Amino acid sequence: MKVTVGGSLKLVFRPWVEGLENVPAEGPAILASNHLSFSDSFFLPAVLDRKVTFIAKAEYFTTPGVKGRLTAAFFKGVGQLPVDRSGARGAGEAAVKSGIEVIERGELFGIYPEGTRSPDGRLYRGKPGGLARVALATGAPVIPVAMIDTEKIQPPGKVVPKVMRPGIRIGKPLDFSRYQGMEHDRFVLRAVTDEVMYEIMKLSGQEYVDMYATAAKRQIAEAAKAEKEAAKAARAALAQAEKDQADKEKAHRDQSDR
């Protein structure tokens with residue numbers, strides 16, 4: 001996949017990279033990145049010599065049919081691990097377990113602390129679960145990563161990507177060994193996550209929003225729905241007004257004829 005997909009991405013899009021020396025040549029590490037586009041999981045591994053393992057929803061691996069098998073093969077090839085997200089708590093535990101297994105193999109584990117793609121290009125609050133728990137349970141260094149302009153290449157809903165140069169900034173490793181053994185302390189998990197998000201913000205230059213991206217998406221969806229309903233009501237009111245006016249004009253003509 002690095003030769004085919006990775007090579008093609010580098011040839012066509014020519015991503016620029018800063019801080020590549022911060023990724024260790026060997027040994028475990030956690031790559032914690034902002035999340036702007038579906039393509040983030042392809043551009044980051046493409047510029048690294050080492051394999052990066054991300055987690056992905058299980059549906060990518062279990063869809064039946066030829067298309068489903070091809071999709072599963074593709075995601076396995078680019079280093080994605082299936083995680084069942086049917087239950088919030090179960091999904092979190094599965095993500096943590098998968099991350100620990102990757103780290104214990106001495107590999108690179110990639111994770112998006114925001115939990116989902118940013119709906120508007122801003123940086124949202126990190127979820128204090130998978131990232132911090134894996135870091136504290138394993139002692140692996142956390143390397144902050146900023147993906148830049150990938151949302152402009154392939155915005156949500158767009159199939160054909162726009163050819164332009166995205167950027168990747170890789171920060172210096174963060175050591176949280178001072179919190180080792182405290183992976184079940186929610187205040188420590190919050191502190192670790194916030195420190196990582198602050199470093200990502202400095203690297204990316206994004207505006208920070210102190211709310212979860214999932215809540216922001218919900219607000220945006222509700223606002224779009226309300227706007228659609230308001231537009232529908234306005235069209236109905238206009239149609240009714242035109243009908244009332246037509247009825248008045250008809251009544252006036254009928255009275256004149258008499």
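The model is predicted, and local features need pLDDT of at least 70, side-chain atom pairs count only at pLDDT 80 or more, and totals for chains, interfaces and linings use all residues. Residues are numbered from 1 along each chain as its sequence is written, and side-chain values use heavy atoms, with hydrogens and water left out.

The protein chain holds 9 helices and 9 strands. These are DSSP runs, numbered from the N terminus: helices are H or I of at least four residues, strands E of at least two. The radius of gyration, taken over C-alpha atoms, is 24 Å. A compact globule of 258 residues would have a value near 18 Å, by the rule of 2.2 Å times the number of residues to the power 0.38. Along the principal axes, the C-alpha atoms fill a box of roughly 95 × 45 × 40 Å.

Of the 258 residues, 39% are buried. Buried means under 20% relative accessible area, exposed over 50%, and partly exposed in between (1.4 Å probe, protein chains only).

Helix α1 spans residues 2-13, and its buried residues are G6, L9 and F13. Seen down the axis of α1, these fall within an arc of 65 degrees, so they line one face of the helix. The arc is that of the directions from the helix axis to the C-beta atoms. Their cover includes α2 (40-46) and α7 (150-153). Exposed V3 and L11 sit on the face of α1 turned away from its buried side. Just after α1, R14 adopts a positive phi of about 50 degrees.

How values were computed. Contact = heavy atoms within 4.5 Å.
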